[in-house]
Amino acid sequence: MTADLLSAPYVLEYTYTRSTGPVIGRFLTGLRDGAIVGVRTAGGKVIVPPTEYDPETGAALGEFVDVGDAGVVTSWGWIAEPRRYQPLGRPFAWALIRLDGADTAMLHAVDAGSETAMRTGMRVVVRWAEERKGSIRDIECFEPEGAA
Amino acid sequence: MSGDPITKPITKPITKIETHVRFDFTITAGKHLTSYLRGLARKQILGARCDSCAKVYVPSRGSCPTCGVPTSGEVELSDRGTVTTFCIINIPFGRMPFDPPYAAAAILLDGSDIPIFHLVRGIPVDEVRMGMRVKAAWVANDQLAPTLQSIQWFEPTGESDAPFESYADHL
């Protein structure tokens, strides 16, 4: 009976253009220029990606600082079967990465080759996209330090 | 250097990003909607009647939303009906069927108790009105397919307008 039922592709899409605001805009501008930008709080913490307000005090933030393009994996999950639109077309890890000079971790992909190459505490370094235009995808992914 | 406040000037700061959200679904029509769609490929508009309240729904979902009971059988409806409400589309957006302005309407087919939605053409948009009698403009026979697009649009029949009372309970 199922074979008699009609089915059809149904695509739902939204082509939004969003304003970044001054802080995420600054972060994306940094990516385009090949730098990863955080913001420093009054307490001296560096938040990456930068937030508009201090999550502890609510104070407005605006002191931007460059952080390193390498850091430490603080948590990760292995994606054995990547889906369309994910950053890599081969198995990879989603990871929280605390960059050198940062006090928070940011989410990105790690191209480690295999799950056994992943561990919490490993060092990874950014791999920039060939063409950078002001998007989180200007970072193609991270890769284990010393791999390249 | 890492950690130092950034002092160099920024050229062409990023202020906007495109965030393209896309979901690729496959819709399975189900038994009743499949029957309705196959009917359209034969120039038939099929609904179903509730055995409890006698209301006719098109397309049928297989049950009465008011009584909560399954419908039985199918009812073939006329391809003529009455415009109950409508709107004029004036603002362009992606994938428009026609250049604006054009009219979209809720059309109560004769024999049905709920309207379907379709385009209304064949009349200047400022003359589209509640109560206007319309009929389906089908595609050519060799273009018929199991889709509501087998009806290109609805157009005026030339009959007198239906009195408000005739569709007042179906708005």
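Visitor: Which residue follows H1(A), and is its phi positive or negative?

Guide: H1(A) is followed by Gly34(A), and the phi of Gly34(A) is positive, near 85 degrees. This is a predicted model, in which local features need pLDDT of at least 70 and side-chain atom pairs count only at pLDDT 80 or more, while totals for chains, interfaces and linings use all residues. Residues are numbered from 1 along each chain as its sequence is written, and chains are lettered from A and ligands numbered from 1 in the order in which they are written.

The helix itself, H1(A), covers residues 21-32. Helices (H or I, at least four residues) and strands (E, at least two) are DSSP runs, numbered from the N terminus. With 12 residues, H1(A) reaches 16 Å from its first C-alpha to its last, close to the 16 Å expected at 1.5 Å a residue; the expected span is 1.5 Å times one less than the number of residues. Chain A holds one helix and nine strands, arranged along the sequence as β-α-β-β-β-β-β-β-β-β.

Several residues of H1(A) are buried, namely Val23(A), Arg26(A), Phe27(A), Leu28(A), Thr29(A), Gly30(A) and Leu31(A). A residue is buried if 20 or more other C-beta atoms, placed from the backbone, lie within 10 Å of its own; it is exposed if 12 or fewer do, and partly exposed in between. In chain A as a whole, 28% of the 148 residues count as buried.

The cover over the buried residues of H1(A) comes from both chains: it includes strands S2 (36-40), S4 (63-67) and S9 (139-144) of chain A, together with strand S1 (16-28) of chain B. S1(B) also pairs with strand S1 (residues 7-19) of chain A, in the antiparallel sense and over 13 bridges; two strands pair if DSSP finds at least two bridges between them. Within this pairing, Thr15(A) has His20(B) as its bridge partner in S1(B).

The contact between the chains takes 32 residues from chain A and 28 residues from chain B, where two residues are in contact if their C-beta atoms, placed from the backbone, lie within 7 Å. On the side of chain B that touches chain A, S1(B) gives the largest share, 13 residues.
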